[in-house]
Amino acid sequence: TMIETLLSDDCKAKYNTLRTEWLPQVYPEFAQNTTSCHPVNLALLETARRSGVQTTTTSVWNRFLLAILYFEWNGPNWRRQAGWLDSADDDADECEWFGVTCDMHTKKVI
């Protein structure tokens with residue numbers, strides 16, 4: 001499929017790891033496949049695509065949840081999306097994304 005063709009082998013491996021080891025902790029009933037356009041699947045693909053993913057960090061949780069909102073709320077068509085998923089800088093701090101506020105001490109999205 002088109003989505004699977006766009007994924008590098010490294011990204012596919014990260015996706016499968018996130019899908020089997022991480023996602024059941026936060027979304028146990030998730031049953032979509034790789035090609036699904038379900039917002040949770042798209043957020044999972046986006047999380048896997050980003051380099052250096054550490055699944056235990058607050059940043060990964062923040063990005064995953066924000067990505068779900070992005071896809072659920074038609075983010076690709078937002079007029080203001082500075083720093084969001086279309087950003088060329090994959091390491092951009094999600095607390096600096098347009099419209100996102102984080103606690104300065106914990107870095108958790110509030």
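Mentor: Buried means under 20% relative accessible area, exposed over 50%, and partly exposed in between, with a 1.4 Å probe and protein chains only. This is a predicted model, where local features need pLDDT of at least 70, side-chain atom pairs count only at pLDDT 80 or more, and totals for chains, interfaces and linings use all residues. Residues are numbered from 1 along each chain as its sequence is written, and side-chain values use heavy atoms, leaving out hydrogens and water.

Trainee: Which residues are buried in α3?

Mentor: Helices are DSSP runs (H or I, at least four residues), numbered from the N terminus. In α3, the buried residues are P39, V40, N41, L42, A43, L44, L45, E46, T47 and A48. Ten of the eleven residues of α3 (39–49) are buried, so the rest of the structure largely encloses this helix.

Trainee: What describes two packed helices?

Mentor: The angle between their axes and the distance between the axes. Axes are lines fitted to C-alpha atoms over the stretch in contact, with angles from 0 to 180 degrees between N-to-C directions. Take α2 (residues 9–26) and α3: their axes come within 8 Å and cross at roughly 125 degrees.

Trainee: At roughly how many degrees do α3 and α4 cross?

Mentor: Roughly 135 degrees, with the axes of α3 and α4 (residues 58–72) coming within 8 Å. So α3 is oblique to α4. Contact means heavy atoms within 4.5 Å. Here P39, V40, L42, A43, L44, E46 and T47 of α3 meet V60, F64, A67, I68, F71 and E72 of α4.

Key: Helix = DSSP H or I, 4+ residues; strand = E, 2+ residues; numbered from the N terminus. Parallel < 35°, antiparallel > 145°, perpendicular 65-115°, else oblique.
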